Amino acid sequence: MPNPLRPEQMKAILALSANARFEHFVTQVADRQRAWSLWHEGFATMCDDHGTRALPLWPAKDYAELLCTGEWASYRPKEIPLEDLLDVLLPRLEAEANLTTVFPTPEERGPLVAPKALDLA
């Protein structure tokens with residue numbers, strides 16, 4: 001299991017723009033072969049302005065933990081192996097016409113991305 005991120009490292013990454021965090025997400029998930037989401041009797045989801053559900057994804061557990069508050073206080077970070085993400089979860093989201101939201105922060109939702117548009121291979 002990877003070591004927790006250093007606070008100064010997290011602060012620097014969280015200060016990046018949404019697009020830069022997206023690029024960081026893609027690089028980290030491809031390198032580490034895993035992504036993270038939130039789980040409590042099912043995955044956490046958020047809705048866009050039109051009511052389309054989106055699955056939040058992060059490159060590391062530490063970032064996901066930051067959103068375990070409010071309506072997601074009972075949720076916990078769940079590791080998703082890259083193979084499961086690519087072969088199971090993203091196709092299911094696509095079939096259900098859902099989106100992903102990549103690297104949301106406590107202050108910002110993060111880019112909404114169609115599952116088939118996530119190039120993590």
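Trainee: In this predicted model, in which loop is the place of A97?

Mentor: A97 is not a glycine, yet it has a positive phi of about 60°. Most residues other than glycine have a negative phi. The place of this residue, A97, is the loop between α4 and β5.

Trainee: Is A97 buried or exposed?

Mentor: The cut-off for exposed is over 50% relative accessible area. A97 has a relative accessible area of 57%, and therefore counts as exposed.

Trainee: F103 also has a positive phi, near 60°, without being a glycine. Is F103 buried or exposed?

Mentor: F103 is found in the loop between β5 and β6 (112-113). Buried requires a value under 20%. The relative accessible area of F103 is 0%, so the residue is buried.

Trainee: Which element gives the largest share of the largest nonpolar core?

Mentor: The largest nonpolar core has 34 residues. Elements giving two or more residues to this core include the helices α1 (7-14), α2 (18-32), α3 (61-65) and α4 (82-95), and the strands β1 (34-39), β3 (53-57) and β5 (99-102). The largest share, 5 residues, comes from α4.

Trainee: Which residues does W72 touch, leaving aside those up to four places away in sequence?

Mentor: W72 is among the residues with the most contacts inside the largest nonpolar core, as are F25, L38, W58, Y63, L85 and L118. With residues up to four places away in sequence not counted, W72 touches L38, A44, T45, M46, P56, W58 and L67.

Methods
Residues are numbered from 1 along each chain as its sequence is written. This is a predicted model: local features need pLDDT of at least 70, side-chain atom pairs count only at pLDDT 80 or more; totals for chains, interfaces and linings use all residues. Side-chain values use heavy atoms; hydrogens and water are left out. A nonpolar core is a set of buried Ala, Val, Leu, Ile, Met, Phe, Trp, Tyr and Cys residues joined through side-chain atoms within 4.5 Å. Buried means under 20% relative accessible area, exposed over 50%, partly exposed in between (1.4 Å probe, protein chains only). Helices (H or I, at least four residues) and strands (E, at least two) are DSSP runs, numbered from the N terminus. Contact means heavy atoms within 4.5 Å.
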